[in-house]
Amino acid sequence: MKKIYVPQRELLRLVLLWATLMSHMTWAQTIPDSQWAHVGRTLAITTDGNIVTTERISQPLQFGGLSIDGDQLVKYSLQGDQLFHRGFIQVGDFIGGQIQGYNYEVLGGLRIAATTNGGLVFLGASSLIGKVYIGNVSATGNVGVRPYVDYVAPGPAQPVGVPEKMIGTPDGGYLILAFDYTSKSAYVNKYNVNSQLEWQKQVKYVALGSANPDPGLTKGQAVINTPDGGYLVAGYYNGSGNDTPEVGWVAKLDGGGSVVWQKLLGNLQSSPGGESIIEMQSITDVIVSADGAGYALVGTGTATHRLRTALLELNSDGGFRRASSIDVTATRAYITLYRGSGGQQFYAVGNSSLQNGVDPQILLVDAATRPQTDTDQRRVVARRTFEAPGDGPLNSIGVAGDGSLVFSTDNNQLVKLLVEPPVTVALQLTQPSYNCQTGAITFNTTGGNGSPITYNAPGISRSSFTSNTGTVEQGLRNDPKPITITATQNGQTVSYIFDFAAYCRNTPSALP
């Protein structure tokens with residue numbers, strides 16, 4: 001086991017150079033190197049494509065050798081430059097704020113989520129009494145805070161449960177997924193753009209034949225907006241009521257929070273094979289599937305009595321597609337949709353390698369729809385472990401505005417990877433566009449590197465060698481015959497044989 005280091009902020013930034021190292025990368029598809037790394041243990045991608053995280057800071061006091069710890073919010077550009085930072089978020093005035101200039105009750109353990117208005121929402125607990133607060137951050141960094149539950153304030157119903165997850169919603173508001181220990185059920189609390197509670201819904205799975213009320217426990221660990229304006233909640237169910245994963249659970253809600261359908265993810269009809277997933281034990285993250293017609297969920301699944309990191313796909317109505325074992329570890333997993341250099345879509349799954357302590361790991365999984373008979377191993381096309389100076393499980397993964405992957409860890413590491421280099425396709429000449437009546441012609445190409453192209457075509461008049469448009473001379477029009485058109489780019493020449501007579505027999509009038 002590696003030692004866990006807790007250096008000063010500046011030293012930690014230097015140590016974060018570990019992100020340029022990797023192991024287990026012997027795949028045709030690659031995962032890029034890191035572009036930059038900063039201190040941070042949470043991740044949100046704002047609507048402008050930039051990156052927000054939280055960083056633990058400490059303020060020493062001038063008496064008693066004490067210090068106060070809390071979180072600050074930091075926003076970085078795609079180049080890693082700091083756009084804004086908000087230090088201690090103060091939420092109280094312990095002992096009346098008698099000592100000017102010192103904060104005594106500040107927020108820590110912040111969780112953040114981007115909103116559609118360009119800003120953020122956050123959840124955190126006060127440093128002294130553990131009271132939970134929610135807040136908004138505008139696109140420019142202005143912060144507003146208020147209690148998550150204010151038991152003495154009159155008015156609308158208060159939100160229920162201990163917050164587990166939060167997301168921005170399309171209307172500019174946000175949603176908090178919580179867990180209520182009294183009812184042992186998930187609660188969904190929906191807020192509008194002004195942070196006013198709109199509605200709250202209890203969501204609990206009721207097993208067939210169970211006692212009334214059902215003694216089981218239903219816990220949500222992930223929630224997303226769905227394309228139809230509703231929500232999908234996922235987590236686990238325990239029939240005995242214990243707060244430990246037993247079988248994966250998922251529920252589809254409509255826009256008002258009512259349950260449309262819900263199901264347990266046991267007894268899966270996966271394809272045969274030693275690595276097939278026969279049951280999901282717990283779901284830790286979910287996204288809309290690559291084809292937009294279902295959902296992709298990741299978590300821990302059972303394969304021949306062994307726990308593995310698994311990817312499960314469902315149709316939009318909850319129907320089963322397939323479940324795949326994608327890694328031998330059974331750590332918490334997170335997922336995002338990622339486009340590779342060739343334009344192909346992948347599920348980028350972040351989990352944690354256990355080969356040398358605990359290190360963040362990224363796997364690229366083919367997102368194309370495949371028959372259930374395909375082997376699981378064919379789907380993982382790349383894998384990369386990022387060796388860290390201390391144990392640090394991956395806790396979030398996303399895609400920045402430039403299309404690159406970003407992840408954060410429990411070891412206070414925020415890492416942005418490089419953008420995938422574009423795949424250069426060789427220059428090709430394709431069939432020209434030709435008007436058989438007027439003689440106007442356009443040369444067409446695909447691929448190339450964007451540099452100027454020089455054309456050559458006998459019997460065609462053009463304004464310059466680099467022009468791809470011209471007019472076929474009368475002699476060639478009176479005696480149409482095949483000609484060879486060439487295109488040259490950076491010293492490389494390609495050709496295309498164009499048969500005027502055959503073209504005009506099949507396409508009498510093209511290119512008006």
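Modeller: Start with an open sheet of four strands, in the order S22-S23-S24-S25, with antiparallel pairing. The model is predicted: local features need pLDDT of at least 70, side-chain atom pairs count only at pLDDT 80 or more, and totals for chains, interfaces and linings use all residues. Residues are numbered from 1 along each chain as its sequence is written, and side-chain values use heavy atoms, with hydrogens and water left out.

Biologist: What makes S22 and S25 edge strands?

Modeller: Strand S22 (334–339) and strand S25 (380–385) each pair on one side only. The twist averages 25° from one strand to the next. Axes here are lines fitted to C-alpha atoms (for helices over the stretch in contact), with angles from 0 to 180 degrees between N-to-C directions.

Biologist: How do you know that S23 and S24 pair?

Modeller: Two strands pair if DSSP finds at least two bridges between them. Eight bridges join S23 (residues 345–353) to S24 (residues 359–366), so they count as paired. They run antiparallel. Ser-352 stands opposite Pro-360 in S24. A strand is a DSSP run of E, at least two residues; a helix is a run of H or I, at least four; both are numbered from the N terminus.

Biologist: Why is the link of Cys-436 and Cys-504 called a disulfide?

Modeller: A disulfide is a pair of cysteine sulfur atoms within 2.5 Å. These sulfur atoms are 2.2 Å apart, so the pair qualifies. A search of the whole structure finds one disulfide.

Biologist: What does the Cys-436 and Cys-504 pair tie together?

Modeller: Cys-436 lies in the loop between strand S29 (428–434) and strand S30 (440–446), and Cys-504 in helix H3 (residues 500–506), so the pair ties together parts 68 residues apart in sequence.

Biologist: Why does Cys-436 count as buried, and what does Cys-504 count as?

Modeller: Buried means under 20% relative accessible area, exposed over 50%, partly exposed in between (1.4 Å probe, protein chains only). Cys-436 has 16%, so it is buried. Cys-504 has 24%, so it is partly exposed.

Biologist: Why does Gln-474 count as partly exposed?

Modeller: Gln-474 has 47% relative accessibility, so it falls in the partly exposed range. Gln-474 lies in helix H2 (residues 474–478).

Biologist: By class, what residues does the lining of the largest pocket have?

Modeller: That lining has 23 nonpolar, 18 polar and nine charged residues. Ala, Val, Leu, Ile, Met, Phe, Trp, Tyr, Cys and Pro count as nonpolar; Asp, Glu, Lys and Arg as charged; the others, Gly among them, as polar.
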